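This briefing looks at strand pairing and at one surface patch. Please have the sequence and the model open while reading.

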Amino acid sequence: VTCLIWPTDGPIVFGLREGKVRAANIKTNKSQTLYQTDSYVVSLVPNLRGTGFLAGHADGAVVRFYVADDPNAVQQGKVINHPVPPYAMAWTNNSILIAGCDKRIVVYNRNGKLMQTFDHSKDPTESEFTTMVCSPSGQTVLLGSYDRMRAYEYSSARDSWDEKGTKEFSNLYS
């Protein structure tokens, strides 16, 4: 098992090294394969309603899958082919944010169209991005890297994301 989540309205979902994404039913103590690829699962992130998830694979593929009924559901399947493994992801109401080892945060719309990029690759003090979490409202995300967290906030007036600041944590990574 390489990553796991427990969406609000669904089973425990976990990714495997061999590229399978499986669902575990805790009442029956059984699991089933939801889908399978040939690429290591590097990340899983639920949507805000807890009805679906995005799975990131080592080859850059991002797959959307639903585990419960959702009136706002959009098409399942491969949504994005990101240039690096998507280790850090967030799925908000209107955006998918992805970051990884290239030190860039890329914002896609819900259909996988590139909308915005924050490039920190020229910053010699920045390290690869390893984790991201979305606030319950979907308006703010926190992004973690070596000894640093970055906050981004959604502006509905401009329909874009803004960096709201960074916080350094000495020896956090160790």
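How many bridges join S13 to strand S14 (residues 140-145)? Five bridges join these two strands, which run antiparallel; strands here are DSSP runs of E with at least two residues, numbered from the N terminus, and two strands pair if DSSP finds at least two bridges between them. This is a predicted model, in which local features need pLDDT of at least 70 and side-chain atom pairs count only at pLDDT 80 or more, while totals for chains, interfaces and linings use all residues. Residues are numbered from 1 along each chain as its sequence is written, and side-chain values use heavy atoms, with hydrogens and water left out.

**The S13-S14 hairpin**
- S13 and S14 form a hairpin with five residues between them, and in the turn glycine 138 has a positive phi of about 80 degrees.
- Across this pair, methionine 132 stands opposite leucine 143 in S14, and valine 133 also lies in strand S13 (residues 129-134).

**The open sheet**
- Four strands form an open sheet with antiparallel pairing, in the order S9-S10-S11-S12.
- Strand S9 (88-91) and strand S12 (114-119) are the edge strands, each pairing on one side only.
- Strand S11 (residues 104-109) is joined to S12 by five bridges, and the two run antiparallel; valine 107 has glutamine 116 in S12 as its bridge partner.

**The nonpolar patch**
- Val133, Leu142, Met149 and Leu172 form a nonpolar patch on the surface, with about 320 Å² of accessible area together (Shrake-Rupley method, 1.4 Å probe, only the protein chains shown counting as cover for residues).
- Patch residues have over 30% relative accessible area and no salt bridge, and nonpolar side chains (Val, Leu, Ile, Met, Phe, Trp, Tyr) are joined within 5 Å, like charges within 9 Å; a salt bridge is a side-chain nitrogen of Lys or Arg within 4 Å of a carboxyl oxygen of Asp or Glu.
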